[in-house]
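Hi,

Here is the structure I said I would pass on. Have a look at it first, and my notes on what turned up follow below.

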Amino acid sequence: MDAVRTAELRLARRSPSKAYVGPAGNERFLETMSALLFADARLSARAAGVQTVAGTGALRLLAELLAATGPDRTVLLGTPAYVNHPAILAAAGLRTELHRVTPDGSAMLAAVDAARPGDVLLLQGCCHNPTGLSMPPALWDRLAAALARRGVVPFVDQAYFGLGDGLDEDLEGMRRLLRDVPDAVVAVSGSKAWGLYSERTGCAFVLGDDAGRREQARTLLENIARASYSQPPAHGAAIVEEILTDPALTVRWRAELESMRQRLGGLRDGLAALTGFAGLGDQRGMFLTLPLDPAAMRSLRSDHGVYGLPSGRINLAGIPSSRLTGVAAAIRAVA
Ligand SMILES: Cc1ncc(COP(=O)(O)O)c(C=O)c1O
């Protein structure tokens, strides 16, 4: 991204110190991320955050926090799940209970209704990996009511914001939910929205009304970080801070993110039209799950050089526009 390159060049010229950033990381980065994600000073005032080693680090730190503060909790997890979610929860010693991910969210709502107070629902904020589902606002509202009624804590994983229906549209469901529940935790990845995969950029937020409990949670997160990797890496967070504290650079980044989103949308709609699989057009985000079985996916790879997972998931971002027709023909040939 040009905004990222510009920020990096500025940082290189300023040559920032290589001093430790501390277990909580870059405070300005956290403030700007909180403002971007929550877009509401009242929500930001209820949030305490730490910088993490990307989205994965945020997920792991928060899972450890939830395990430390409620060893008997069960985490409700939708399947198919992001491949690393079960491993992260298991590594933190948390028990999981699975339900199906469906467009109407019925199994998720039933799981919440059957849960015990203090249990946790791990869910993706938008562009669910791998199903491509983004929940509509009305479903977020129903979910918030169910969570609040049952005392179940939402654990929101935000990895693909900006790549579904638009930056604010992708974050809106989470914002609505956070306004309506007493406690929540949010894991954020900077990998996709800024293309900072190798810089391991992310953050973890704990939201709640009680300032004392919030600060306790933040201290616990810092202690877990300290005992794991001591301090997060500085560079990626400094890039995001540079972008989000400069209004002109923020505008440029938003425009670049939007054009990435539109490119993905164009590829998705193109594949839907060319393959005749109309449902593909309803998916959102970087990945697309094709309605193909593992044998067809194997054939797609070995006979046509199109790589995807046995589950049918392919990475849209990896398809050059010039190859769209060829990829669609390959999908039709193996279907
Ligand atoms: C749903 C989801 N959450 C979190 C992550 C973690 O991303 P990272 O650790 O690269 O920031 C990913 C990466 O693929 C993901 O798909």
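Let me start with the lining of the largest pocket: its residues divide into 14 nonpolar, four polar and five charged. Keep in mind throughout that this is a predicted model. The pocket's volume comes to about 400 Å³. In total 23 residues line it, and those nearest its centre are Thr69, Arg73, Asp183, Val206 and Arg213.

Next, the ligand. Which helix gives the most to the shell around the ligand? That is α4, residues 54-69, with four residues. The shell holds 14 residues, and the ones that come nearest to the ligand are Thr56, Asp157, Tyr160, Ser189 and Ser191. Sorted by class, the shell has six polar, five nonpolar and three charged residues.

- Tyr160: an N or O atom in its side chain is 2.6 Å from an oxygen atom of the ligand.
- Gly55: here a backbone N or O atom lies 2.8 Å from a ligand oxygen atom.
- Lys192: a polar atom of the side chain lies 2.9 Å from an oxygen atom of the ligand.

Last, the cavity. How many cavities of 30 Å³ or more does the structure hold? The answer is one, and the volume of this largest cavity is about 40 Å³. Its lining is made up of Cys127, His128, Asn129, Gly132, Tyr160, Arg284, Gly285, Met286 and Phe287. By class, that lining divides into four nonpolar, four polar and one charged. Tyr160 turns up again here: besides lining the cavity, Tyr160 is one of the residues that come nearest to the ligand.

And where does the cavity sit relative to the domains? Domain 1 (2-245) and domain 2 (261-334) both give residues to the cavity lining, so the cavity lies between them.

Over to you!

Cheers

Key: Residues are numbered from 1 along each chain as its sequence is written. This is a predicted model: local features need pLDDT of at least 70, side-chain atom pairs count only at pLDDT 80 or more; totals for chains, interfaces and linings use all residues. Side-chain values use heavy atoms; hydrogens and water are left out. A residue is near a molecule or strand if one of its heavy atoms lies within 4 Å of it. A polar contact is a pair of N or O atoms within 3.5 Å; within protein, one must be able to donate a hydrogen and the other to accept it, and residues adjacent in sequence count only if both atoms are side-chain atoms. Helices (H or I, at least four residues) and strands (E, at least two) are DSSP runs, numbered from the N terminus. Ala, Val, Leu, Ile, Met, Phe, Trp, Tyr, Cys and Pro count as nonpolar, Asp, Glu, Lys and Arg as charged, and the others, Gly among them, as polar. On a 1 Å grid over the protein atoms alone, a cavity is a set of points where a 1.4 Å probe fits but cannot get out, and a pocket is an open set with protein on both sides within 12 Å along at least five of seven lines; lining residues have an atom within 4 Å of a point. Grid points are joined across faces, edges and corners, and a volume is the space filled by probe spheres set on the points. Domain bounds come from an automatic or database domain assignment.
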